[in-house]
Structure formats: C-alpha cells, structure tokens
Number of protein chains: 2
Amino acid sequence: MPVDPLDAESVAAALRRIVRSDQLLSDPALRDEYAHDDAEWADFHRPLAVVLAESADDVAAVVRFAAGAGLSVVARGAGTGLSGGANALANSLVVSLERMTRILELDVAERVVVAEAGVINDDLRQAVAAEGLWYPPDPASYRISTIGGNVATNAGGICCVKYGVTRDYVLGMTVVLADGAIVHLGRRTAKGATGYDLTALMVGSEGTLGIVTDVTLKLLPLGGREDRAIVGSFSSLEAAGVAVAAIGAAGVIPSALEIVDEMCLRAVDEWQSLGLPHDAAAVLLATVDEPGDSGAAVAASVAVLMTDAGALRVEQAAAPDEIERLFLARRLAYPALERLGPVLTEDICVPRSAVPEMLARIRDTAAAHDVVIATIAHAGDGNLHPLIIAPEGDEAAKARAKEAFDRIVDDCRALGGTVTGEHGVGLLKLPGARRELGERVVGMHRDIKAALDPLGILNPGKAF
Amino acid sequence: MPVDPLDAESVAAALRRIVRSDQLLSDPALRDEYAHDDAEWADFHRPLAVVLAESADDVAAVVRFAAGAGLSVVARGAGTGLSGGANALANSLVVSLERMTRILELDVAERVVVAEAGVINDDLRQAVAAEGLWYPPDPASYRISTIGGNVATNAGGICCVKYGVTRDYVLGMTVVLADGAIVHLGRRTAKGATGYDLTALMVGSEGTLGIVTDVTLKLLPLGGREDRAIVGSFSSLEAAGVAVAAIGAAGVIPSALEIVDEMCLRAVDEWQSLGLPHDAAAVLLATVDEPGDSGAAVAASVAVLMTDAGALRVEQAAAPDEIERLFLARRLAYPALERLGPVLTEDICVPRSAVPEMLARIRDTAAAHDVVIATIAHAGDGNLHPLIIAPEGDEAAKARAKEAFDRIVDDCRALGGTVTGEHGVGLLKLPGARRELGERVVGMHRDIKAALDPLGILNPGKAF
C-alpha cells in the first residue's frame with residue numbers, strides 16, 4: 001500500500017510523540033550533517049528527520065513508525081563509513097546510535113564483553129585492556145568509529161592478517177527487526193551450532209536486515225605477545241609485493257603487513273617533515289608478536305626475506321616508541337593525502353600472490369586516466385586501498401577518478417579478487433558487487449531481504 | 001500443488017533416467033544403510049532411493065526431480081553425525097556425496113584448498129600437510145567424516161579451543177539450491193565484505209538451505225608450532241573444572257583442554273588394560289603449542305595452575321609418542337563406552353566458568369534418572385559431551401536416558417549455555433533449540449528457509 005510522502009514537519013511532529021525532543025534533529029542544517037557518511041562521492045539525500053536513539057526500544061519505536069508511514073530507516077554509528085552504507089535516502093529517517101555508548105557487561109573470566117552499538121572501538125579497547133583483555137579488530141578509524149558500524153560493515157584493520165576481522169569476534173547481538181521486534185541472536189559461549197548463524201548473516205549486512213543495538217564480543221588475553229617491527233624500503237612497489245609473497249610462502253603470519261607507497265610517503269613527509277627517505281618507491285611494514293626467542297627468530301626471518309626480495313634497507317625495532325616511529329607513515333598516510341583533495345577510497349582484496357600484479361595495474365590505471373593514485377595496503381591480506389585524489393572543485397578530474405575506480409574494480413575481479421575487503425558495499429561498490437555475485441546470488445540476497453524486511457524499509461538499495 | 005506419493009519402484013525408474021544405475025541404490029536393505037546417521041535414537045525412515053552423486057550436476061538433477069515429484073532430499077556425507085541431521089524422512093531421497101572425493105585445487109602460496117564435499121577430513125589434512133599446510137578443525141570423527149558433513153554441522157574438535165571451528169575456515173563453497181541452480185558463494189581472498197555472508201549462513205544449516213558440493217577452505221602453515229602436553233589427575237570432576245577456570249583466567253589459551261571422567265577412564269582401562277590410575281575421578285589433558293622458550297614457559301604455568309587447583313599428579317611430555325600415550329584415554333573413550341551399550345551423545349556448551357557447576361549437575365542427573373553417564377569434554381570451550389549409556393535392549397533404561405538428556409539440556413540453558421556446541425541440532429536437539437531460540441527467532445529461520453526453499457524439499461524439519 002503506497003503512502004503519500006510525508007513532509008519533514010509532520011514527521012518531526014509524529015516522532016516527538018515517540019522520543020524526547022532532545023533526541024530529535026529536525027533543523028535542515030543538522031539533518032544535513034547526517035545525510036552521508038565519509039563517502040560523499042556517493043548519492044545522498046537530506047533525511048526527513050534524525051533520531052538520536054538511546055535504547056533498543058527507541059530504535060524499535062522509530063522502525064515501527066517508519067513501517068507505518070512508508071519511510072525507510074538508515075541506521076548510523078559515527079558516520080565514518082567509506083562506501084556510503086549510511087548515506088541517507090529519499091524519504092528516510094536516520095537513526096543514529098551514537099548515544100548508545102554503554103558497556104553493558106565485561107566478563108573477564110569468560111573473555112566476553114557486551115557493548116552497545118554506539119561504543120567507540122577505541123573506548124572498547126581501552127575498557128577491556130584495563131582488565132587484561134584485547135579486542136583485536138582495528139580499522140584505521142578505530143579512534144572514531146563505533147562497534148555498531150564496525151559490525152554493520154564487517155570492518156577489518158591492520159592486525160586482521162593474523163587475528164581476523166570483526167565477524168570473527170561477534171558471538172551474539174541484539175537486533176531490532178523490520179517490524180520493530182527486538183530479538184537476541186547468537187550466544188555467549190565459546191562454541192555453538194544451534195540453528196542458522198543469523199549473527200554472521202547480520203554482520204556486514206549494513207543495516208538492511210535489522211539494526212544492531214548491542215553486540216556480544218569475544219576477547220583475547222592482552223598479554224603473551226611481544227611486538228617487533230621489521231620495515232623494509234623498496235625501489236619498486238612490485239619488489240615490496242614480491243617480499244609479501246615470500247613472507248606468505250615461508251609460512252610466516254605477521255601480526256601486521258602493510259605497504260605504503262611513494263606518493264603516501266611524500267605526502268606525509270611534506271606535511272610533517274619527518275625526513276622520510278626519498279629513494280624508496282614503497283615501504284613494507286611488518287610486525288610479528290610471538291614472544292621470546294621464537295619472536296626474535298620470526299622477526300629475523302622476515303628481515304632476511306625482505307633483504308632477499310631486494311630491499312634497499314631493512315630496519316628492526318622492538319621498543320614501542322621505535323615501532324610507533326616506523327609505523328608513523330602508515331598512520332598518517334590517509335590524513336596526509338586528504339590534504340591534497342577529496343579522496344575516493346578503494347577497498348579491493350585480491351589473492352596475496354596477485355598483489356604485485358594488482359599494484360602494477362593500479363599504476364597503469366593512474367596513468368591511463370590521468371589521476372593521482374596513492375596506495376596503502378593491508379598487503380598480507382591482499383587488501384589494497386588505492387586512494388584516488390581529485391583536486392577540490394575539478395569536476396573533470398572527479399569524473400576521471402570515478403572511471404579509474406571502476407577500472408580498478410574490474411582488474412581486481414580479473415585477478416580473482418573481491419570488490420570490497422573491509423569497507424562494505426554501501427552504494428559505491430554496488431555495480432561491482434552485483435557483477436561479482438551474479439544474478440542468482442543477488443536473487444538470494446533479495447529473497448532473504450524480502451523474508452526479513454518485507455516492506456523494504458531498512459536501508460533499501462544498499463549492500464547488494 | 002500436492003503430488004501423489006510415489007513408490008520406491010517408480011522413483012527408481014525415474015532416477016535411472018537421471019543418473020547411471022551404479023549411482024542408484026534401490027534395494028531396501030541398501031536403502032536402510034542410508035536411513036540414519038549415527039543418531040539412531042532419533043526418528044528415521046527408509047528413503048525411497050539413495051543416489052550416489054558424483055558431481056554438482058548430479059545433485060542438481062536429483063533436486064530438480066524431487067522438486068517436481070514432491071519429495072524431500074536429505075544430503076549425507078559419511079553418516080557420522082550425532083544429531084540425526086542426515087536421518088532420512090518419509091518420502092525422501094538420500095543424496096550421498098561420499099563419491100565426491102576430489103581435491104580440486106591446492107594453492108600453497110595462498111594457503112587455500114578447494115575440496116569436494118565427500119573428501120574425508122583426514123584425507124584433506126594429509127593432502128595439505130604434504131605441502132606444509134594445516135587444516136585445524138579436528139572433530140573426533142576426523143578419520144571417517146567428510147568435509148561436507150563437517151560444514152553442514154559446523155563441526156568442532158579438540159584444537160578448536162585455540163584455532164576455531166569449521167566455520168572459521170570456510171571461505172566459499174559451491175551449493176545446489178532448492179530449484180537445482182548451482183551457485184558459488186563466498187570468495188577465496190583472505191578478507192571480503194561483499195554482500196551478505198551467505199557462506200556463513202550455509203555453514204551449520206544441515207542441508208536445509210542448499211546442498212554444499214565443494215568448499216574453499218583457508219589453511220594455516222603446518223610448521224611453527226611445538227606441542228607440549230600437560231596432564232593432571234584430579235580427585236573430583238569439580239577440581240578439574242576449577243583448573244579449567246584458572247587456566248582461562250590466567251590468559252592462557254591452550255591448543256587442547258580436555259576432560260575425561262572416571263567412567264571413561266575405567267571403560268578404556270577395562271578394554272585396553274592400559275594400567276590407568278584408579279584414584280582419579282577426572283583427568284585434565286592440555287596441550288600448548290607455542291614454540292621455543294615461550295612454549296616451555298606456558299606449559300610450566302599450566303602445570304602450576306593444575307597443581308594449585310589440587311591435582312593429584314601432573315605429568316608433562318614433549319615427545320610426540322609420549323603425548324600420544326597421555327591422550328590415549330581421550331581418544332579411546334568413545335569407542336570404549338560404545339562397548340557398554342548404545343550411547344546417547346550430548347553436546348552442550350556452557351560458559352567456561354559454569355563447567356564445574358554443569359559437571360555437578362550432570363552427576364546429579366545420572367543419579368536422579370538412574371542412568372550411566374560418562375563425560376568427555378572440550379573443557380576449554382565449555383563444550384561438554386555427557387555420554388548416556390543404556391544397556392542394549394533395555395527399553396526402560398532408554399526412556400530414562402532420554403529424560404536425562406532433556407534435563408541436561410535444561411540445565412545447560414539455565415547456566416547460560418547453548419544446546420549444541422558442535423554436533424548440530426538435527427532432530428535430537430530440536431525441542432531444546434526451539435526453546436533457546438524463541439518463537440520470533442525460529443520465525444526468522446522459517447522465513448529464511450521459505451525464501452531459499454519455498455517448496456520445503458531440502459531436509460525439512462531439521463536444524464530449527
């Protein structure tokens with residue numbers, strides 16, 4: 001049954017009967033702040049209203065209202081997404097979970113934490129670290145992104161090469177369904193095989209099947225690891241890629257294995273005057289975290305593998321501040337590049353052995369489309385982030401950037417890769433995702449979506 | 001549209017037009033061999049026919065035939081399941097994947113293997129070990145169960161306490177859907193966030209959403225680990241449980257942490273005359289696998305934790321044959337108990353800290369229902385296998401065993417546990433699973449099932 005579109009004023013009036021007025025943003029300027037996440041290259045609309053939910057009941061009430069009013073609901077954490085998953089749609093309400101920041105339970109003996117969706121990743125890390133525990137997934141946004149957003153996109157990070165992604169740590173969750181029902185999925189035990197893995201289905205579903213309001217996460221012991229960094233400078237990206245393949249083939253699983261290319265190194269150096277070397281076309285940054293003599297042996301073998309792959313220089317460090325210094329270029333790369341203009345962030349993942357070839361193709365794409373592309377990569381996972389930069393206001397360059405984006409996605413697919421490694425499909429990766437999945441598997445997505453959200457009100461048009 | 005039930009002869013005649021006659025079992029005695037898995041305590045029926053599929057195309061053809069004829073399809077690997085997931089239904093065809101035993105690809109550099117569903121777990125382990133790689137999930141049935149069955153039930157095992165369960169290793173799969181379409185789900189890259197995690201949805205779905213014909217599995221390097229065993233004897237099950245909790249609280253993650261109770265020890269000793277000690281009410285078997293000095297330190301700390309928890313004796317071993325000897329009681333427990341009569345195998349999983357309480361309740365249940373219960377447990381995961389034994393032919397004892405089974409499930413739920421840790425719901429755990437999931441979440445299962453299998457022909461009535 002189609003419903004006449006509502007205007008923002010009548011929506012606000014109706015929502016004031018559901019939530020307190022200080023939980024409602026109706027001013028157009030404020031609503032615009034919630035119109036998109038960090039993927040402003042993708043389409044977005046001004047939402048009719050923004051609700052700052054404080055409980056699962058708030059979320060449920062808004063979903064029920066939306067279902068009755070024929071509006072769609074876009075859930076949002078901190079808005080740090082890079083694929084447009086939280087971009088507002090026409091005739092949509094944005095439900096922000098940013099106020100749901102309570103850690104509901106921390107069971108040290110079980111190594112389990114229950115956190116509301118709005119808890120910032122780093123706040124969670126610090127809270128559990130105070131009890132000797134560790135939440136590994138560490139997206140680059142960990143200081144500003146929420147656990148709920150991490151779950152919605154199945155966020156990755158630097159340590160995922162050894163310790164896995166968000167999905168690997170989510171045991172259970174509370175979810176508001178499309179009819180406003182509040183359900184608990186999953187478990188809090190170490191193992192479980194009861195029914196379908198609906199928890200895993202929800203992770204990475206970008207708010208299209210339900211709105212996650214709290215999550216039960218598995219934790220690891222904080223201790224027992226000793227970080228050692230090994231950093232090699234290479235005269236070409238491909239040589240760094242060869243070192244990555246050699247480390248993999250040697251059976252070493254580092255706790256981080258990152259590539260930063262020349263463009264990133266220069267941007268960081270020009271910004272921060274760190275005196276970074278100018279002869280390297282790429283730096284390969286590794287950490288290993290085995291303790292004791294075995295850790296020292298693994299670090300030494302990584303250094304040898306880098307040297308054998310043709311590294312110009314290899315530095316090692318075990319002191320935390322030295323490791324921090326060696327990894328500074330990696331940490332500062334993204335903000336340094338953003339100073340140069342709007343950044344269109346790619347997030348492809350190819351088989352590890354295809355990393356050198358993919359890096360070469362990215363360089364060719366930059367030349368062919370006359371765009372600037374800097375690359376940072378979770379190289380050990382084959383997860384590459386080519387960052388396509390267009391000067392502010394240069395619409396022609398922006399168009400070329402989008403063409404380059406599509407070509408990189410095609411090349412990734414040709415090499416057996418997947419179109420998004422850790423940022424999610426959102427809107428930016430929809431065409432690539434549809435090609436990758438194929439018509440029948442997209443149909444399975446559509447059938448599951450229709451089964452769980454028959455009115456199609458939860459973030460429609462995203463994720464597949 | 002209801003279809004008149006077919007008799008076995010006309011089904012066989014129709015199937016002979018689809019598969020070769022040597023792929024079809026129509027003799028009643030042969031069909032009876034495929035009527036149930038290792039859960040003969042659950043209901044089963046003689047299937048109308050058994051097809052020995054040799055390809056995804058065979059499976060698809062049978063599914064299409066079944067859909068047209070109004071029959072259900074029960075997929076089956078080696079039939080080693082313990083919950084009745086592969087038990088045949090009335091008016092069903094059994095599709096056995098036991099002939100699909102090819103390893104389609106082993107990519108050593110990527111650490112990825114693609115195996116058909118019928119590959120025996122141990123054959124896969126040996127094939128990848130020959131290339132220096134390791135497939136961790138090690139259900140007790142690993143010498144006889146298939147990868148496809150492991151995936152269908154999300155099988156666990158001994159090393160899962162540190163290395164995770166089947167789900168953690170499945171990157172992608174080929175699946176025959178309910179309409180006979182053959183699709184590829186997932187990926188072969190280390191990371192991926194493209195679309196819903198339909199691969200995870202299929203793992204553990206017991207053939208109710210699709211029939212998995214091959215799987216793409218992540219592997220680990222085989223090397224870099226050094227096993228050390230630490231085995232403590234305790235004067236009570238609870239004391240062993242206290243040691244488990246202490247090991248967890250100390251931040252140690254052993255690569256195995258198993259409990260074997262007195263009943264198992266005696267059954268093994270009476271069978272094999274190993275001269276096992278008779279003063280222990282429980283043995284706690286741990287391995288740690290960190291290499292070098294850190295491994296030695298971890299092993300020493302585990303020994304101290306066992307001693308502090310009141311162990312009567314603690315033995316350590318690092319030589320493989322010594323470790324094998326110490327773990328012999330664990331390996332032989334199940335066959336030793338089966339000699340005493342039909343075994344009804346429980347598979348509950350409780351929070352680690354609830355292990356001592358759960359063990360005490362199991363003992364009380366045995367007394368209250370006058371049944372023999374022996375317990376082996378993946379204690380480090382909180383995953384307990386109380387084995388309820390009824391003498392052959394004693395129907396009253398069998399009825400009491402079923403009552404004890406239900407009471408253990410209730411106690412597990414009361415302690416925050418889940419009704420199946422690694423065997424799956426099948427038929428045996430249906431009532432418990434329904435109570436655990438609740439009406440609304442069962443409804444989500446039903447909606448997803450209906451979305452992907454609208455005719456309800458794939459193993460209906462199982463899993464939820």
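The legends below describe close-up views of a predicted model.

**View 1. The interface between chain A and chain B.**
Chain A and chain B each contribute 76 residues to the contact. About 5900 Å² is buried between the two chains, and carbon and sulfur atoms give 61% of that area. On the chain A side, Lys191(A), Thr194(A) and Tyr196(A) lose the most area to chain B, together 16% of what that side buries. The interface of chain A and chain B also holds 8 salt bridges. Lys191(B) and Asp381(A) meet through their side chains in a salt bridge, at 3.6 Å from N to O.

**View 2. The salt bridge between Asp197(A) and Arg167(B).**
The closest N and O atoms of this pair are 2.7 Å apart. Asp197(A) comes from the loop between E9 and H7 of chain A, and Arg167(B) from the loop between helix H6 (160-163) and E8 of chain B, so the pair joins two chains. Buried means under 20% relative accessible area. Asp197(A), at 14% relative accessibility, therefore counts as buried. Arg167(B), at 18%, counts as buried too.

**View 3. The largest nonpolar core.**
The largest nonpolar core has 77 residues. Met173(A), Leu201(A), Met173(B) and Leu201(B) have the most contacts inside this core.

**View 4. Strand E8 of chain B and its partner strands.**
E8(B) is joined by 6 bridges to strand E10 (residues 211-218) of chain B, and the two run antiparallel. Within this pairing, Val170(B) has Leu217(B) as its bridge partner in E10(B). E8(B) also pairs with strand E9 (residues 182-186) of chain B, in the antiparallel sense and over 5 bridges. Here the bridge partner of Thr174(B) is His184(B) in E9(B). E8(B) and E9(B) form a hairpin with 5 residues between them. Gly180(B), in the turn of the hairpin, has a positive phi of about 85°.

**View 5. A four-stranded open sheet in chain A.**
In this sheet the 4 strands follow the order E1-E2-E4-E3, with mixed pairing. Strand E1 (24-25) and strand E3 (72-76) of chain A stand at the edges with a single partner strand each, so one side of each has no neighbour in the sheet. Strand E2 (residues 49-52) and strand E4 (residues 92-96) of chain A run parallel and are joined by 4 bridges. Ala49(A) stands opposite Leu93(A) in E4(A). Helix H1 (residues 8-15) of chain A lies across E1, E2 and E4, at about 25° to E2(A). Helix H3 (residues 56-69) of chain A lies across E2, E3 and E4, at about 175° to E4(A).

**View 6. Salt bridges within chain A.**
Over all chains the count comes to 56 salt bridges. One of the pairs is Arg188(A) with Glu105(A), whose side chains meet at 2.9 Å from N to O. Arg188(A) lies in the loop between strand E9 (182-186) and helix H7 (198-202) of chain A, and Glu105(A) in strand E5 (residues 103-107), so the pair ties together parts that are 83 residues apart in sequence. Arg188(A) is partly exposed at 23% relative accessibility, and Glu105(A) is partly exposed at 33%. A further salt bridge links Lys449(A) to Asp453(A), with the closest N and O atoms 2.7 Å apart. Both Lys449(A) and Asp453(A) are buried. Salt bridges that share partners join Arg20(A), Asp22(A), Glu54(A) and Arg99(A) into one network.

**View 7. Helix H12 of chain A.**
Helix H12 covers residues 328-338 of chain A and is mostly covered, with 8 of its 11 residues buried. Among the buried residues are Leu328(A), Arg330(A), Tyr334(A) and Leu337(A).

Glu40(B) lies in the loop between helix H2 (28-33) and strand E2 (49-52) of chain B. At 49% relative accessibility, this residue counts as partly exposed. Glu40(B) and Pro342(B) are 302 residues apart along the chain, and their C-alpha atoms are separated by 9.3 Å.

Definitions and conventions: Residues numbered from 1 in each chain as written. Chains lettered and ligands numbered in written order. Predicted model: local features only at pLDDT ≥ 70, side-chain atom pairs only at ≥ 80, totals over all residues. Heavy atoms only, no water. Core = buried A, V, L, I, M, F, W, Y, C linked by side-chain atoms within 4.5 Å. Buried < 20%, exposed > 50% of the residue type's maximum accessible area, 1.4 Å probe, protein only. Pairing = 2+ DSSP bridges. Contact = heavy atoms within 4.5 Å. Axes fitted to C-alpha atoms, helices over the stretch in contact; angles between N-to-C directions. Buried area = accessible area lost by both parts, 1.4 Å probe. Salt bridge = Lys/Arg side-chain N within 4 Å of Asp/Glu carboxyl O.
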